[in-house]
Every structure is written in structure tokens, then in C-alpha cells.
Amino acid sequence: MKFNEYFKLRDVTLNITNNCNLRCPYCFENNKNDLKMSIENVEKILDKCYENYLLTNDGKFPFVVNFFGGEPFLNFEVIEHAMKYASDKKYNMSFGVTTNLTILNEHMIDIIEEYELGILVSIDGIKEIHDRNRCNSYDKVKENVEKLINRHLGYLIEARMTILPEDVNELLNSIKSIVDMGIVNIAPVPVTDVFWSAEQLMNLYKNLNIVWDWLFDIYNDNENKKNITIKFIEDYIENVLMIPLNDYQTKVCSAGTFTSCSIGVNGDILPCHQRHAISYKYRDLVMGNIFDDNDIKEIEFNNGTISGAYDCDDCIARSVCKGGCPSENLTVNGNGNKMNEIQCMINIVIVTVAYEHQLNLLNCSNIRSHRLNILAQNISLLNYLFEEVLTKNPTTQEYAVSLLTFYEKIIDMEDIILPNFNEVLKKVVQQLVNINKEIMDMDKGKINEL
């Protein structure tokens with residue numbers, strides 16, 4: 001197939017260098033080298049990808065371009081040129097970068113500010129942990145974060161916090177240390193391609209509860225002015241439903257689908273940004289080359305299955321799992337479509353904690369996150385359905401009044417009902433319609449008898 005025949009892109013990741021100035025012990029990349037993407041090639045790639053994006057999108061929402069490495073700031077000239085080029089061409093694009101943030105100067109800050117470059121910075125928590133994991137870079141990262149915040153660019157920064165099993169007991173302290181830096185958007189991510197013992201998983205459960213309790217204390221603190229966002233909490237509250245869906249939801253990762261791809265320094269198209277500097281099965285994952293786009297092949301990397309170590313049909317994490325990370329599946333199992341056991345267990349732990357805490361949103365007095373406020377309203381609607389409608393006798397007037405109120409709430413909230421909540425509502429409402437129809441048929445039967 002040709003590039004435009006297969007892809008319907010919404011975003012692209014550009015692996016602009018395979019080189020990195022750090023050698024972190026847990027890094028998944030095992031084939032770092034000095035290759036860099038050129039200015040000429042990045043222009044061609046942006047043109048081709050944006051042309052593809054416009055074929056199936058009206059341009060209402062920006063086309064997302066993410067810069068990845070290695071360490072992308074080692075090739076900052078390409079980042080700068082790409083954003084200027086897109087601006088000059090009037091492309092509707094937004095840009096982000098994943099970086100260790102050990103490299104930063106005033107010119108870079110000027111460019112970050114001019115183009116509002118989103119920054120996902122790797123910070124593993126407290127200094128002791130970060131320095132052990134990330135080559136003693138804590139002080140430099142903190143200094144550079146402060147430079148950005150002093151330029152009022154903190155809103156562009158999100159911290160990506162890798163959690164190793166041996167560091168779980170410092171989870172809350174690590175999150176607090178990042179907040180103290182001035183970063184309020186944090187994405188803690190447990191590593192799932194290393195072994196976790198039963199004790200470490202229990203520690204994860206215990207410390208996740210501590211983090212949730214701490215955060216909900218903040219949501220109830222009327223003096224708090226910070227909009228602190230812990231990504232896995234918001235993601236899991238949104239996806240953990242009060243009643244599970246019968247059908248599997250969409251993929252958790254767009255890698256390997258036609259809406260997303262990753263392009264390497266030499267133009268190779270891969271399904272996942274993590275695989276460009278990994279030698280294992282590299283050639284098997286190459287879908288083609290952006291500079292010769294007449295021979296694009298589909299690969300079996302992320303076909304949406306969630307077959308794994310447990311019985312997925314009965315798994316509490318089914319609604320958020322969706323197969324986990326296909327890249328880590330490939331590394332651990334040699335198959336991107338086969339869930340690895342560690343991912344299964346960690347998902348179960350995180351989902352269990354989310355189930356135990358999600359209703360606490362209904363009682364929070366100072367939620368500053370727009371997303372969480374919408375989540376709270378969605379949960380409140382479902383709670384009303386379960387507590388005020390489904391508990392009543394369908395033949396009573398009390399039930400009819402509650403049901404009418406429920407329908408009115410749906411109409412009032414039409415614009416903010418989230419897709420996964422909407423799926424549950426549709427299933428339950430259809431059951432209610434069937435119940436009410438049966439009652440009406442029974443009543444008609446009684447009238448006919450008279």
C-alpha cells in the first residue's frame with residue numbers, strides 16, 4: 001500500500017536522534033548511536049504527514065508532532081526548524097518533546113516559549129532515586145525546571161516519573177518533591193518489564209492508597225490554589241466504571257494503528273517510538289520508509305487483544321488494560337499482542353485502588369482540575385442511576401419520578417458525558433426501556449381483561 005492509502009494520521013513521533021548524553025541503567029534503548037535527522041528530511045516528513053492528516057481530518061484540531069530520541073535536545077536545531085517551518089507553512093500543528101532536560105540554554109527557552117513546546121521531562125522523584133537511576137542529573141534537571149518556571153512556562157511541563165519496584169515506598173515523597181519543584185502535572189509509571197515480587201506489589205497497593213488519600217486531602221483543602229494532576233489517577237478514574245462493560249474498549253495505545261506512527265532518523269516508519277533504538281526485531285517492525293512511500297506494509301504489533309496471564313473476561317482491570325504496552329509485550333514475550341504477567345498484576349493493583357477511591361470525588365469541595373470536575377459529574381450521574389433509580393420498584397410512582405429526573409440529568413449533561421460512561425448509560429437505559437415496555441404490556445393486558 002501507499003502511505004496515504006494505509007495511514008489516517010492524527011499524530012506522529014519523530015525520532016530525531018538515536019544519541020543520548022545519559023546512560024540510564026533501566027533504559028530500554030540498547031542501540032544508541034550518533035545518527036541525527038536532518039533539517040531537509042524533517043521538512044519532507046512534516047509535509048507528507050500533514051498532507052495525510054488533511055485527507056481525513058478537517059484541521060479543527062491540531063496535528064500532534066512529538067520529538068523523541070535518544071535525547072532530542074542534542075538535535076535542537078531540527079526541533080527549532082521544524083516548528084518554524086510548520087508556522088511559516090501555516091500548518092495547524094502542536095509540538096511536544098520527551099527530554100531528560102539536562103541540556104537547556106536561554107535560546108532554547110526562547111524557542112520553547114515562542115512555539116509553546118510541551119515538555120515531558122523525566123524525573124524519577126527524590127534526589128537519591130533520580131540520581132541513582134539517571135546518572136546523577138537531579139541538580140541540573142531541577143535547575144533547568146526552575147529556569148522554565150521563572151519564565152512562566154511551567155504550564156508546558158509534565159514530569160514522567162519511572163517507578164522501579166525497589167522505589168515504591170518513596171512514591172509519595174517522590175511526587176511531593178516534583179510538586180515542590182513547581183511541576184503540577186505528573187505521570188508516575190511503574191516499570192513493567194522487570195520482576196515485581198508479591199511483597200513489592202503489596203507495597204505498590206499500600207503506597208498508591210497513600211498517594212490517593214494525600215491527593216483527596218488536597219481536593220478538600222479550600223485554601224489550595226494548585227491544580228495538581230496525577231495522570232494515572234485521572235486516567236483510571238475515567239476508565240474504571242461502576243459497572244464493567246461487556247465489550248473490550250479501544251486500545252490503550254495507538255501504536256501499530258493507522259492513526260499514529262513513528263519515523264526514525266533515516267525515515268523508517270515504525271509503529272512505536274520506543275523501538276527505533278532497540279535492535280531486537282527491528283527489521284520485523286519496519287512498515288516502510290517515508291521517503292519511498294509506495295510499499296507500506298501492515299504489521300502484527302498491536303491488534304487489540306488482551307490475552308495475558310489471567311482470564312481477561314473476569315479481570316477487574318479489563319476496562320483499562322486493553323493489552324498494555326505492546327512494546328514491552330514484545331520485549332518480554334516476543335509478541336506485542338500478548339500481555340506480559342507483570343503488566344497484568346500492576347494493572348490489577350492500580351485498578352483495585354481506583355475502585356476503592358473513585359466515589360470520593362463526589363464529596364470533594366475544591367477540585368481545581370476541569371477534567372476531574374467533569375469526571376465527578378459523570379460519576380454523580382451514574383451514582384444517581386444506581387442509587388435512586390435501579391433500587392426502586394419499576395411499578396411505583398416513585399420509580400417513575402426518579403427515572404424522569406434521571407433523563408433530565410442526561411439532557412442537561414449531554415455535552416460532558418464521557419464516551420465510556422455513555423456506553424454504560426446506553427446499556428442500562430436500553431434495559432430500562434425493555435423493563436418499562438414489559439410493564440406497559442402487562443398493564444395493557446390487565447385493561448384488555450377488564
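Tutor: Let's start with a definition: helices (H or I, at least four residues) and strands (E, at least two) are DSSP runs, numbered from the N terminus. Asn337, for instance, is found in the loop between helix 12 and helix 13. This is a predicted model, where local features need pLDDT of at least 70, side-chain atom pairs count only at pLDDT 80 or more, and totals for chains, interfaces and linings use all residues. Residues are numbered from 1 along each chain as its sequence is written, and side-chain values use heavy atoms, with hydrogens and water left out.

Student: Why is Asn337 called buried?

Tutor: Buried means under 20% relative accessible area, exposed means over 50%, and partly exposed is in between (1.4 Å probe, protein chains only). Asn337 has a relative accessible area of 11%, so Asn337 is buried.

Student: And what makes Thr352 partly exposed?

Tutor: Thr352 lies in helix 13. Its relative accessibility is 23%, so Thr352 counts as partly exposed.

Student: What does the side chain of Asn337 reach?

Tutor: That side chain comes to 3.3 Å from the backbone nitrogen of Asn302. A polar contact is a pair of N or O atoms within 3.5 Å; within protein, one must be able to donate a hydrogen and the other to accept it, and residues adjacent in sequence count only if both atoms are side-chain atoms.

Student: Which residues is Thr352 in contact with, leaving aside its neighbours within four places in sequence?

Tutor: Those are Tyr205 and Ile316, where contact means heavy atoms within 4.5 Å.

Student: How do you know that the span of helix 13 agrees with what it should be?

Tutor: The expected span is 1.5 Å times one less than the number of residues. Helix 13 (residues 341–357) has 17 residues and should span 24 Å; its end C-alpha atoms are 25 Å apart, which agrees.

Student: What makes helix 13 mostly covered?

Tutor: Of its 17 residues, 12 are buried, including Ile342, Met345 and His357. Among the elements covering them are strand 6 (185–190) and helix 8 (198–219).

Student: What caps the N-terminal end of helix 13?

Tutor: Asn340 does, with a side-chain oxygen 3.0 Å from the backbone nitrogen of Ile342.

Student: How do you know that strand 1 and strand 2 pair?

Tutor: Two strands pair if DSSP finds at least two bridges between them. Strand 1 (residues 11–15) and strand 2 (residues 63–68) have 5 bridges, in the parallel sense. One of these bridges joins Leu14 to Phe67 in strand 2.
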